[in-house]
Structures are given as structure tokens and as C-alpha cells.
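Hi,

Here is the structure I promised to pass on. Have a look at it first, then read on for what turned up.

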Amino acid sequence: MDIFLQQIVNGLVQGSIYALVALGYTMVYGIMGLINFAHGEVVMIGTLVTITVAGTLIKAGMPVAVAGLAGMMAAVLVCMALGWALERVAYRPLRNAPRLTPLITAIGMSIVLQNLAMMVWGRNYLTFPSFLPNMDFELAGAHFTAIQVIIVLVSAATMGALLLLVYRTKLGMAMRATAQNPAVASLMGVNINRVIAAAFVIGSALGAVAGVMVGAYYEIAHYQMGFMLGLKAFTAAVLGGIGNLAGAMLGGILLGIIEALGAGYIGDLTGGFLGSHYQDIFAFVVLIVVLMFKPSGLFGEKSGDRA
Amino acid sequence: MQARLSVIALSVATVFALSACGPKEEPKPVAAAPDAKPEVVVKLGHVAPMTGPQAHLGKDNENGAVLAIEELNAQGMEIGGAKVKFELINEDDGADPKQGAIVAQKLVDAKVNGVIGHLNSGTTIPASKMYFDAGIPQVSGSATNPKYTQQGFKTAFRVMANDIQQGLALGEFAAKQGVKTVAIVDDRTAYGQGLADEFKKAAEAAGIKVVATEYTTDKATDFKAILTKIKSTKAELIFFGGMDAQGGPLAKQAKQLGVKALFLGGDGVCTPEFMKLGGEAAEGNYCSLPGSPLEKLANGPAFKEKFTKRFNAEIQLYAPYVYDAVWVVAEAMKRADSVEPAKYLAEIGKTKRDGVTAQIAFDEFGDLKGGAISMYKYTDGKLEYVETLGGGAVATAGSEVKEAVAEVKDAAKAVAGAATAVGKEAVSDVKDAAKAAAEAGKDAVKAGAEAVKNAADATKAAVDKK
């Protein structure tokens, strides 16, 4: 039983990270109907920027916690700029092109960003400075560390802030209007370009926060780390119903838990026929099943409140 | 799986071969033409992952090769009356068997004179078939899976002990630490799986109980799920068959989960990178490397100095082995007085080189003769040398075999005494016999023991004759 609980904890933490990244996909999709495959790379850049900034500050003698926060702020700012630039350079010129074109551009941007990161940060693995003393707790047989608690809390707070923004502010209202019908929204005086840019910038900021969380959790970073993470988060977004904010959050957490339980029990369930290295297939099996039986995702796509 | 891989490799190769038959191909004779050209270009292919999770190791390999090539060119070797200029053609296989076959075909089409690599067993094995078909000699500095040289390809060599030897040494070492239960994790690559399997055999033979077998991939970053399972088995040791990029985080996450087991791994995790990634969790644990430590070998420290000076980087892992591999090929060309693969191939097998990693000589399969395995401990962020475990082929199965092997060893010693008169050949013959004997012993303890005894008798008889 304590193993089961531990796997749930593992899955919950992993799932919170998926959820944060999935929000970036779902926001952009909700507004533009575009899947921004370069989003995983934005997360990666967020992690690497934090490492550089925090690492430099720590070397300069700043307290670790302050340096960590500064690194995170820097990452958020850099990623917001990156998200804006991506939209401006790669997607805006193609806004009226066939749907396939921006998709291919997105994949291209993902490769470009990976290689840029490889040139800037090199091929080696980078270690993420540990911000927190290694505190661990036991609760009902499950073992967890301070960073895991923080990841879940920060994710929840960030998601809460996003919901407030979308449902309680003027910008959020403009976003929802654009999602419903861009042409009509622009007739009503909504600046579509600005709203779309804002969606990219906010999505990228969430990605940066996720990047810092991933870095702090695994204490390791690499220029290719964004690819798989992005793919999983995209799956989470589809699972929850792409375009739907709450769906992305729940989809992410659900996917994390499915993966952890799957990896933990697949060997026993199949009598050793499938081993735990099939962990990654769960995400994609889930994706296929959802697409077959409920193409609109678990929480449907109520076009009314996508953001 | 292996068969399927090579089928894929073949079909990829065919497609590639077809597309490569375009009109632009201009056959460049690279053979030594003493009267016509004063300078001959020798193209050596080098393959390692330059992208992906193992890119840092690939770069390290490349550095080793570049250093050797630069030295060779500075030295101005003359072959067949012409001055030779070595040229390195670098290819990236991304540690992916499919990609490995594609770049192998590319090198075959480019008519390289020899191939250094690949880095991973998983890419080396399918590629070796293509080099064999094209008659191109291949020397790998790091592919340790036994299969590589067991396919009967005359063109395949390696300058590093294989995983049978390493697995045995690791199993033996684990038993010596007094470990009773072990959990084995491998990354399902040809290398990781092969090493883990050999370790498992050796560990079980030494009386260690395998309480969990878990798998991951060579791209994974999250190991919490499998570690949670391992924790519940209360294993005293976690053995990892795989590379540093997974091993480091695995050790770290084990610590975060409160797993108290020791960590043990092979050459793939015996790197500075592992300690960087594993942090405190690496401390006090052990890993093994084929060969002896650079410091213990005559040419080792000089190499280390040269390398650091040239690249301003620490040696990661296989650079010295790759450096040796390049020299092995160049020296074989020199001895054969030809850069043509068909002519100098035979000379590679006769190599006797005082390398930076070992005394390099090959057996009839292209494996390194008497490859020793050294154990290291992660101490204060450094790899501290612990001990070197023999030729790797000793003390494996039951005590009976051990006794029998001891007999063989005595015989070997006797021969060694006589060797001053007979010559060094005899020693290596006996060593091979011992190796073969211990191999046999592994399969069935009792039958093996007899076989070893027979072998020992045979050896003695041979000694008497000499």
C-alpha cells in the first residue's frame, strides 16, 4: 500500500509539471487553433537561463534562495520575450496560411531553438543548483521532499492566477472573445494581434515556471530535455480537451499519475512481459485511446469558455 | 531483436546504396601511388553520437581521435613511399542504431580507409556488418557488447575489454563487498542490457540474490517509479547497466526517495559527468572501467596532459581508447606499407602496441587480449582507483571452478617462468586457455569445473611439451 501511495506522490509531482506546460499548448490552441510545437523548447530555455543566471549569482556570493528567485525571474522574462518573438517571426506571417503550414513552422522552430541552445550551452548536461536543503518527510509511508511540495504548490498557485486572469480581467475577456470568433471580436474593438501575442507571452511565462520546476526537481538540464516533455504535455492537453484550461490541468495531473502507476505495475501485471521501460508508451496509449473514443478530450471542447 | 535490427539496417542500407548510385560519384583512388603523388590522403571515418543525451561522450571520443590524427600528421608518416595525410570524417549516429547504419553506409560510399567507432554497442553491431561487407577495418574504442566481435567479421576489432569480462569483474566485486541482494536496472540498449545480463550471471554465481529487475531507456530522466519498486524490495545494491546521463539522476533520485542501497555500474557511468549529475548521491559508490587507470600506465599521464592542454577539457571517458584505436590503424598501415583496407587489415590482428590504456594485442576474434578491469570509487567528486581485477575471466562460478582456475593459474605461472626461454607467445596461449576454461565454467558449474580441469591438464601437457 505504501508503494501505491508513493507512486501517486511521484505521479502528482510529475503531473503538476505536465499541467503547467500543457497550459501553454492549450492557450495558444484555444485562441489560434495552432499547436505550438516549439513550446517544449521554451521550457528548456527557461531551465537553462535559470541555471546560468542563478549559477552566476551564487558564484558572486548571493544567498542561494535569492539567486534562485532571481534566476526564475530572469527565465520568465527571457521566455516571455522568446514567446513574443516566436509569434511575431514564425506564426504571424502565416496566420492566413493553410493550417499545415504553421504546424511545420512550429516543428522547424523547435529544431532551431534546440540547436541554438546547443550552441549557447553546449552538449553537456548541466546541473541545476540546489535551492533548498534536502528536507524529506514521511507521511503514511510515502516519502517526499520539500521540492516536491513546492512544485505542487507553485503549480497550483500559477494555475489559479491564470484562471483569474482569463475570467476576471479585460485581457482575459478579450482572449475569450477572440477564441470564440476572431473576426467578430476584432469588429468589437479587440486588438487581435495583441491578444494573440499576449497568449504566447503568458503561455511562455508558464513554460518558464515549469522549466524552473523541472530543473529544480531533477537538478539536471540538457538542450534536448524539452522535446519529450513537450510531447507529454501536449498529450496531457489533448487528454483534458485541448483548448480547455481546466482540462489541461487535470489532464496533466492525470497523465502523471497514469505514468507513475503504469511504470510501477506494468511488470507485475503482464508477468514481466512488458517492463518498466515502457513507461513512455502510457502517455501515447492514452493519447490514442482518447482520440479514438472521445476526440474532444475528457472535458470536451466547450468553445464558449476556451481561452 | 538483434536480427530485426540488422534487417532494418540492411533495408536502410539498400535504400541508401541505391540513392548513392547517382552520377556525382567520382571514384577517388586513395591508394598509395608512390610515383604519381607525393601526398596521399587517408580518410578515417569516426562515428559517435554528437547530438542527443550522449553528445558529451561523442565529443570526447572525437577529441581523442582528433588528437591522434594531429599527432600522426605532425609526425609525417610515410607509407608506400608517399607522405600520408590523415583526415578524419566525423559522423553523428545519435546513439541510434538506425542512424548508425545510415552513416555507416555513408562512410562506405565515401570509401574511407578505416573506421574508428562507433561509440555505442547498439550502433556498432549493425554497422559492423556493412563495414565487413565493404572490407573496411573497424576499430571501436568503446563498444563492449560481446556480440560485436562474435559475428565472425574479420574487420571488427575493439581496444577495450568486453562486457563478459566486465560483468564478471563487477559480479565478483559486488560479492566481495558482502552484498546479499541486488536490484538490477538497465537501459535496454545493446550495451546496458548486455552488461546487466553478464553481471546478473556473475552475481548469481557468487551467491547474490537478484530481488528486482527493472528497465529504463537511454533517454529517461525520471526513475522514481522504478526506484519506488526497488525500495520495497530492500535491495542492498542497485546495479545499473547504462550511461552516465541516466545513472547520475538515478543515483540522486534513489537518495531523494530514501533508498539506502549502494550503487554500482560499469564503464558507462565511470565518468566525471556521472558525479556532476549524481552529486552527493554518487559519493562512496563504485564503478568499473576496462583497462588500467591512466596513472598506472607508462603513457597514461602524458596523454592526459596533452589532452587537457589541447582541448581545455577533462577526459570524459573513452577518449584515450579512441586515441589508441586511431594509432592501431595507422601503425597497421605503416607495417603493411599500404593504406588499402584489404592489404593492411591482416596487420591489425598482429598489433602489439604499448597504448595509453593497455598493452594492445588482439585475439582471433578481434577482442583485446587479457583485458583487465579496474574498479573505482567516487570520492570527493573524483574517481579514486581501488583495484584492478585480473584478466576478467577468473573466479566466476562455484568454488570448484575457482580451484580449477587456480590450477590453471599455477600452470600459467609455471609457463611464465619458462617464458624467458619460450617467449611471450606461450603466456598468452595459456591465458587464452584459462579464459576459455572459465567461460565454459560459467555455463554449468560442475561440467564447467571438469572442463576447466581438462583445460588445465591440457595446458600442463602443452607446457611440458614446450
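This is a predicted model: local features need pLDDT of at least 70, side-chain atom pairs count only at pLDDT 80 or more; totals for chains, interfaces and linings use all residues.

In chain B, strand β11 (residues 286-290) and strand β14 (residues 373-379) pair in the antiparallel sense, over five bridges. One of the residues involved is Leu289(B), whose bridge partner in β14(B) is Ser374(B). β14(B) also pairs with strand β15 (residues 382-389) of chain B, again antiparallel, over seven bridges. There, Tyr376(B) has Tyr385(B) in β15(B) as its bridge partner. β14(B) and β15(B) make a hairpin with two residues between them, and Asp380(B) in the turn has a positive phi of about 45 degrees.

Chain B also has an open sheet of six strands with mixed pairing, in the order β2-β3-β1-β4-β5-β6. Which strands sit at the edges? They are β2 (78-79) and β6 (156-158) of chain B, each pairing on one side only. β6(B) pairs with strand β5 (residues 138-140) of chain B in the parallel sense, over three bridges. You can find Gln138(B) standing opposite Ala156(B) in β6(B). Now look for the helix α2(B): it lies across β1 (39-48), β3 (82-92) and β4 (114-117) of chain B, and runs at about 170 degrees to β3(B).

Of its 466 residues, 55% are buried. If you take contacts between residues at least 6 apart in sequence, 70% of them join residues at least 24 apart.

Most residues other than glycine have a negative phi, and most peptide bonds are trans.

- Gly117(B) and His118(B) are joined by a cis peptide bond, with omega about 5 degrees. His118(B) is in the loop between β4 and α4 (121-134) of chain B.
- Ala95(B) is not a glycine, yet has a positive phi of about 60 degrees. You'll find Ala95(B) in the loop between β3 and α3 (97-109) of chain B. Ala95(B) is buried, because 27 other C-beta atoms lie within 10 Å.
- Asn312(B) is not a glycine either, and has a positive phi of about 50 degrees. Asn312(B) is in the loop between α11 (300-311) and α12 (319-336) of chain B. With 7 C-beta neighbours inside 10 Å, Asn312(B) counts as exposed.

Over to chain A. Helix α8 (residues 192-218) of chain A has 27 residues, so at 1.5 Å a residue it should span 39 Å; the end C-alpha atoms are 39 Å apart, which agrees. Is α8(A) mostly covered or mostly open? Mostly covered: 22 of its 27 residues are buried. Just after α8(A) comes Glu219(A), with a positive phi of about 55 degrees.

Phe37(A) lies in the loop between α1 (2-32) and α2 (39-59) of chain A. Phe37(A) is buried, since 22 other C-beta atoms lie within 10 Å. Leaving out residues up to four places away in sequence, Phe37(A) touches Ala106(A), Ile107(A), Ser110(A) and Gly230(A). Leu165(A), in helix α5 (residues 146-168) of chain A, has 15 C-beta neighbours inside 10 Å and so counts as partly exposed. Beyond its neighbours within four places in sequence, Leu165(A) is in contact with Leu171(A) and Gly172(A).

Finally, how do the two chains meet? The contact takes 29 residues from chain B and 27 residues from chain A. On the side of chain B that touches chain A, the largest share comes from α8(B), with six residues. By class, that side of chain B has nine nonpolar, ten polar and ten charged residues.

One last thing to look up is the largest nonpolar core, which has 217 residues; Ile238(B) and Val326(B) have the most contacts inside it. The largest share of this core, 17 residues, comes from α8(A).

Note on methods. Residues are numbered from 1 along each chain as its sequence is written. Chains are lettered from A and ligands numbered from 1 in the order in which they are written. Helices (H or I, at least four residues) and strands (E, at least two) are DSSP runs, numbered from the N terminus. The expected span of a helix is 1.5 Å times one less than its number of residues. A residue is buried if 20 or more other C-beta atoms lie within 10 Å of its own, exposed if 12 or fewer, and partly exposed in between; C-beta atoms are placed from the backbone. Two residues are in contact if their C-beta atoms, placed from the backbone, lie within 7 Å. Ala, Val, Leu, Ile, Met, Phe, Trp, Tyr, Cys and Pro count as nonpolar, Asp, Glu, Lys and Arg as charged, and the others, Gly among them, as polar. A nonpolar core is a set of buried Ala, Val, Leu, Ile, Met, Phe, Trp, Tyr and Cys residues joined through C-beta atoms within 7 Å. Two strands pair if DSSP finds at least two bridges between them. Axes are lines fitted to C-alpha atoms, for helices over the stretch in contact, and angles run from 0 to 180 degrees between N-to-C directions.
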